[in-house]
Amino acid sequence: MDDITIQLARQGERDAQSRLLRAMQDHWFRFCCSQLRDPERAQDAVQETALRVLKSMSRFDGRSSFKTWSFGIALNVCREIRRRRIGADLNSAPEPSTSEEGYDKQLDFLDDSAALRKVLAELPDRQRQVVTLRFFEELSVADTAAVMECAEGTVKATLFAAMRALRAKLVGDRSDV
């Protein structure tokens, strides 16, 4: 995304806004899918993210990249959806979940390894977020910290813990060797 397109989008130019949304929708979907573990909820999150990006576009100040800024919005949307789901689960019967097979098909972009998808889904939210942002969305440590609203050291520590957990789950703990 070039600076001119972003500037035009900030000024309300519809074609520029449309180009930005199209450029980001797959990134948002992958991220939301990794956070919500449900392609249907992820699609809802992408739509809500797009709406919020458009509504707040004029407030984008360029201190971070557009991608980083928009991932922050997507992360907040995912958090809200999880909170709403927890509230709904407490107040009503459990909702039917997406089948594991359907989820695997949606996440084929991660890797051909079903084992990797499974263990990534088992990580705590924060670890899953940092792995997704750093490796799948290829954000820098600084940009990942900006999205997650934490210090770069926290990103590094969380990433270290996540990689250790992934390694242990994928190849077993070999510390006794």
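Leaving aside neighbours within four places in sequence, which residues is S34 in contact with? They are R128 and T132, where contact means heavy atoms within 4.5 Å. Keep in mind that this is a predicted model, in which local features need pLDDT of at least 70, side-chain atom pairs count only at pLDDT 80 or more, and totals for chains, interfaces and linings use all residues. Residues are numbered from 1 along each chain as its sequence is written, and side-chain values use heavy atoms, with hydrogens and water left out.

**S34**
- S34 sits in helix α2; helices here are DSSP runs (H or I, at least four residues), numbered from the N terminus.
- With a relative accessible area of 2%, S34 is buried (buried is under 20%, exposed over 50%, partly exposed in between, using a 1.4 Å probe and protein chains only).
- Its side chain reaches the backbone oxygen of F31 at 2.7 Å.

**Helix α1**
- Helix α1 spans residues 3-10, and its T5, I6 and A9 are buried.
- These three cover an arc of only 100° around the axis, so they lie on the same side of α1; the arc is that of the directions from the helix axis to the C-beta atoms.
- On the face turned away from that buried side you'll find the exposed residues D3 and I4.
- D2 caps the N-terminal end of α1, with a side-chain oxygen 3.1 Å from the backbone nitrogen of I4.
- After α1 comes G12, which has a positive phi near 95°.

**Nonpolar core**
- The largest nonpolar core has 44 residues; such a core is a set of buried Ala, Val, Leu, Ile, Met, Phe, Trp, Tyr and Cys residues joined through side-chain atoms within 4.5 Å.
- Elements giving two or more residues to this core include α1, α3 (39-56), α4 (66-91) and α9 (152-171).
- The largest share, 10 residues, comes from α2.
- W28, V53, M57, F66, F71 and V131 have the most contacts inside the core.
- Not counting residues up to four places away in sequence, W28 touches L21, V46, T49, A50, V53, S70, F71 and A74.

**Positive phi outside glycine**
- E138, in the loop between α7 and α8, has a positive phi near 55° despite being a residue other than glycine.
- E138 is exposed, at 68% relative accessible area.
- E149 also isn't a glycine, yet its phi is positive, about 55°.
- You'll find E149 in the loop between α8 and α9, exposed with a relative accessible area of 62%.

Terms used. A polar contact is a pair of N or O atoms within 3.5 Å; within protein, one must be able to donate a hydrogen and the other to accept it, and residues adjacent in sequence count only if both atoms are side-chain atoms.
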